[in-house]
Amino acid sequence: MNKNRKWYTIIIISMLLLIVYIGYFFINSGRGLERVDNPNRQAVDSGIMNNTKDEKKNKLPIPPLLEDKNPEEGKAEFDLNVQYGKKEFIEGQETETLGYNGDYLGPIIRVDKGDDVKINVANTLDEPTTVHWHGLEVPGEMDGGPHQVVDPKSSWQPYFTIDQPAATLWYHPHLLHKTGEQVYKGLAGLFYIEDEKSKELNIPKEHGVNDIPLVVQDKRFTQDGQIPYELGMRDVMDGFKGDTVLVNGAIAPELDVKSEVVRLRLLNGSNARAYDFNFSDNLAFYQIASDGGFLENSIEMHEVSLAPAERAEILVDFSDYNTGDKVVLRDGSYEVMTITITEESDSSSSIPEELVDIVQYDRDDVVTTRDFVMSGMGPMVAINGKQMDMDRIDEYLNLNELEEWVVTNESAGMGMMSGETPHPLHVHGVQFQVIERNGGEPPLNEQGWKDTVMVESGEEVRLLVKFKQKGLFMYHCHILEHEDAGMMGQFLVE
């Protein structure tokens, strides 16, 4: 009887949510245009990204490398200020933003494997924040999750040793219930690790010239150029999605390159939107790295899909192009950035086939298997039927023990109005290996080190996970509105 009552309650709540959502859909089916319309951009259907190009050339901004204050070999120290800013995304319209050491986004922190790193974080905001080192394997108290709050007008000095391979990682806030807003307003930056192998590989390494960071995000601009973080029902259900795409904080920028191999480090820094990156002339490219570092071999591709928080490093060979030729980086068919060949190169262009050796975990060594069921919709999202509770430890793990995590997505939506609900799972403090997707072998570009994996509705993904650092860590959906709604748990590694 109690079991029946439980299911009756679930059905009634689900029906009420469906009624509310259907009503919202019909009432607001045309409001997306009104909310984001401005004369500097084409009118677009709600939720669809578009960019317009200014007549003047809009150069791609390149985030600077943050200065290392410690000259000692094997040590690094950085100053990182969290601050308010104002930025002109649209000419003549000043937007209120947040940034690290500047108006919007942050500088790139670059370190070497083996470095002892200290970062002096100063919060100049009038509200608390945290700084999470996304993808770094560091002790729990240095992770920058919701337990490491940096209060207004105070500071935090995390320190850790880099003990993982070369990779393109990133940093961003992780404040409980406020991550979505703070990231959306501009708090995000890249974090590079280099090692002996990355220095030896014959790949582009000249920052801002042929080694290009690309932080891709989507925004909704008001008529006066602001980016308010105001959640409607659709945003609560599906995550906050804009209709204008930015790269490194610029709308429809242009990147000038030579006719040579160029390395693009792609980060999906959006709150909720996934991207399908490709080039306008169906140009092939080669993926060389995923979230946690290099793949074993470069993989020829024509499109790479990135869920929120995922990264991919790709090599694009422009050696057959002439000066003046243009290629457009797209998401599906929507233009994201124009690449212009402005100079011929006399360098020999090549794509290395072999990259690094990855030691594969042995499934026979698995000590524990855990299930993680992602379910619910809107404010009812949950993992294993639970929402985040800072005072509850959801899982207890042992240091250096190999585990198999079975991650399933039961958020199948509710009919045509809601559709399917994907959930990208991010695990703090570890780089894992994806061993199965829906019972089969994962795609080649998912067979390297990962810290975030997309799990579509109805999918099952199996991971091999081994924690090398002690402490309290999070696992959560990286659609930030889902995370803020409670789609997160925590585990203790002892």
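Let's start with Gln 164: leaving out residues up to four places away in sequence, Gln 164 touches Lys 113, Gly 135, Leu 136, Glu 137, Leu 169, Ile 193 and Gln 431. Keep in mind as you look around that this is a predicted model. To find Gln 164, go to the loop between β7 (159-161) and β8 (167-172). Is Gln 164 buried or exposed? Its relative accessibility is 3%, so Gln 164 counts as buried, the cut-off for buried being under 20%.

Now look at what the side chain of Gln 164 does with the backbone around it. One of its polar atoms lies 3.1 Å from the backbone oxygen of Gly 135. The backbone nitrogen of Glu 137 lies 2.7 Å from a polar atom of the Gln 164 side chain. Gly 135 and Glu 137 are both among the residues that Gln 164 touches.

Next stop: His 428. You'll find His 428 in the loop between β26 (423-427) and β27 (432-437). With a relative accessibility of 0%, His 428 counts as buried. Which residues surround it? Setting aside neighbours within four places in sequence, His 428 is in contact with His 132, Asp 143, His 174, Phe 467, Phe 473, Met 474, His 476 and Phe 491. His 132 is 296 residues away along the chain, yet its C-alpha atom and that of His 428 are separated by 9.0 Å. With His 476, the link is a polar contact of 3.2 Å between the two side chains.

Which side chain makes a polar contact with that of Asn 445? It's Gln 287, at 3.0 Å. Beyond its neighbours within four places in sequence, Asn 445 is in contact with Gln 287, Ser 290, Leu 295, Ile 299, Met 301 and Val 304.

The largest nonpolar core has 32 residues, and Leu 214, Leu 264, Leu 266, Phe 279, Phe 318 and Met 337 touch the most other members. Strand β21 (residues 334-343) gives the most to this core, with four residues. Apart from it lies another core, this one of 28 residues, including Phe 78, Val 117, Trp 133 and Ile 162.

How values were computed: Residues are numbered from 1 along each chain as its sequence is written. This is a predicted model: local features need pLDDT of at least 70, side-chain atom pairs count only at pLDDT 80 or more; totals for chains, interfaces and linings use all residues. Side-chain values use heavy atoms; hydrogens and water are left out. Helices (H or I, at least four residues) and strands (E, at least two) are DSSP runs, numbered from the N terminus. Buried means under 20% relative accessible area, exposed over 50%, partly exposed in between (1.4 Å probe, protein chains only). Contact means heavy atoms within 4.5 Å. A polar contact is a pair of N or O atoms within 3.5 Å; within protein, one must be able to donate a hydrogen and the other to accept it, and residues adjacent in sequence count only if both atoms are side-chain atoms. A nonpolar core is a set of buried Ala, Val, Leu, Ile, Met, Phe, Trp, Tyr and Cys residues joined through side-chain atoms within 4.5 Å.
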